[in-house]
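The following explanation is intended for a reader who meets this structure for the first time. Please keep the sequence and the model in view while reading.

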Amino acid sequence: MHSFRFSAEPLPPEVEAARASVRAFLDAERAAGHFVPHRTSWTTFDAAFSRRAGAAGLIGLTVPEAYGGHGRSGLVRFVVTEEMLAAGAPCGAHWIADRQSGPQILRHGTEAAKRAILPRICRGACAFGIGMSEPNSGSDLAAVRTRAVRDGDDWVINGSKIWTTNAHQVDYLLALVRTGEPGPDRHGGLTQFIVDMAAPGVTVRPILDLSGHHEFNEVFFTDYRVPDAMRVGAEDDGWNLVTEELAFERSGPDRFLSDYRLLVELVDRIGPEPDRFQAVETGRMVAQLTALLGMSASVARLLDQGIVPGVEAALVKDVGNGFERAVPEIARRLVPVEPSLSAQGDAFREALGGVTLRAPSFTLRGGTREVLRGVIARGLGLR
């Protein structure tokens, strides 16, 4: 039976020093007018911002210096991530590469892939997408049908992916495809490949959201050829790798700070003299947020130790998603105004409008809450 490995250790001094450094960078970015916090989020794709963040040494923090990184700890990266989210910085152009694709390539990629790609990620000059979800599969990742067939030193891929964030703008996908038989648990016969989005055989079709915004996409592979040197991990070992990758995706503070700017604007809107109901509700949210930050930092420590904390990561995401979904509902009760995406001069209404539009996706991305609770239950020996 699994026991949760969360700790309450204080952050080391060098980690807090990194916090001061990233705050100075973000203050300068805001002063230059490069972003407006309540109008952007970590999913906002801004390639110029990512290049400046890379030049400031804020990307690839855990990547060894030999591959263009900075050789820092996961806790340093945690506080940099936390501050970027709190500031509402537009990190979408480097987020996935820095959060999960880069670490996967570092751990399991070929030397050729590491040399070609990791330095560009660290410079903020290389964007990645996630090639996991497929049409008609829902949240059943084991139902992957996109197939790769070996042909000499290459693999030929045919199939499709869906809900691929920023596929129309990224340089690569880290795609999970079927290379063998699934086996009795359906987890066999899967392999990860680095897909060059500019190569022949890849077609991207947009999926517009209700506001007409283009972030999601369908991706189609038609006889797409990928060199074996761009395979990540061993052939047919993709399920183990993707489980490890999801620990990076599910445990970070982006899983509970997506609507942090709304919480900030809510507190500012209420002001220094809240009524009793406002004081209770905002106090409860701040307490929950503090606990989540501690849990997420604990996961960063485990990752530093080479531990894959799948159960802890699932719990952080599940609890964090509950928090994220509650914030806009509580905000609407505490300050009954009409949300808007273009309420010039009213930061609270704009933040509320943006979060209200995005909130339904919070419990879907990175695995639904039902899937996460299954992971937690198995970890606890309950199923």
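The model is a predicted one.

Sorted by class, the residues in the contact of α7 with α8 comprise 6 nonpolar and 2 polar, with no charged residue.

One partner is helix α10, which spans residues 347-358. The axes of α9 and α10 come within 10 Å and cross at roughly 140°, and α9 is therefore oblique to α10. Here too the handedness can be stated: α9 and α10 cross in a left-handed manner. Pro328, Ala331 and Arg332 are the residues of α9 in this contact, and they meet Phe348, Leu352 and Val355 of α10. The contact of α9 with α10 contains 5 nonpolar residues, no polar residue and 1 charged residue.

The other partner is helix α11. Helix α9 covers residues 310-334 and α11 covers residues 369-379; their axes come within 9 Å, with a crossing angle of roughly 140°. This angle makes α9 oblique to α11, and the crossing is left-handed. From α9, the contact draws on Gly310, Val311, Ala314, Leu315, Lys317, Asp318, Asn321 and Gly322, while α11 supplies Arg369, Leu372, Arg373, Val375, Ile376 and Gly379. In the contact of α9 with α11, 6 residues are nonpolar, 4 are polar and 4 are charged.

Attention now moves from helices to individual residues. Trp163 is found in the loop that links β3 (154-162) and β4 (172-178). Its phi is near 60°, a positive value in a residue other than glycine. With a relative accessibility of 48%, Trp163 counts as partly exposed. Asp223 also has a positive phi without being a glycine, in this case near 50°. Asp223 is placed within strand β7, residues 214-227.

Another loop, between β1 (128-131) and β2 (147-151), holds Gly138. This glycine is exposed, its relative accessible area being 60%. Although 226 residues separate Gly138 from Leu364 in sequence, their C-alpha atoms are 9.9 Å apart in space.

The cysteines remain to be considered. How many disulfides does the structure hold? The number is 0. For Cys91, the nearest cysteine sulfur belongs to Cys122 and is 15 Å away. Cys91 has 0% relative accessibility and therefore counts as buried. For Cys126, the nearest cysteine sulfur is likewise that of Cys122, at a distance of 10.0 Å. Cys126 is classed as buried because its relative accessibility is 2%.

Terms used: Residues numbered from 1 in each chain as written. Predicted model: local features only at pLDDT ≥ 70, side-chain atom pairs only at ≥ 80, totals over all residues. Heavy atoms only, no water. Disulfide = S-S within 2.5 Å. Buried < 20%, exposed > 50% of the residue type's maximum accessible area, 1.4 Å probe, protein only. Axes fitted to C-alpha atoms, helices over the stretch in contact; angles between N-to-C directions. Helix = DSSP H or I, 4+ residues; strand = E, 2+ residues; numbered from the N terminus. Parallel < 35°, antiparallel > 145°, perpendicular 65-115°, else oblique. Left-handed = near helix turned anticlockwise from the far one by under 90°. Contact = heavy atoms within 4.5 Å. Nonpolar A, V, L, I, M, F, W, Y, C, P; charged D, E, K, R; others polar.
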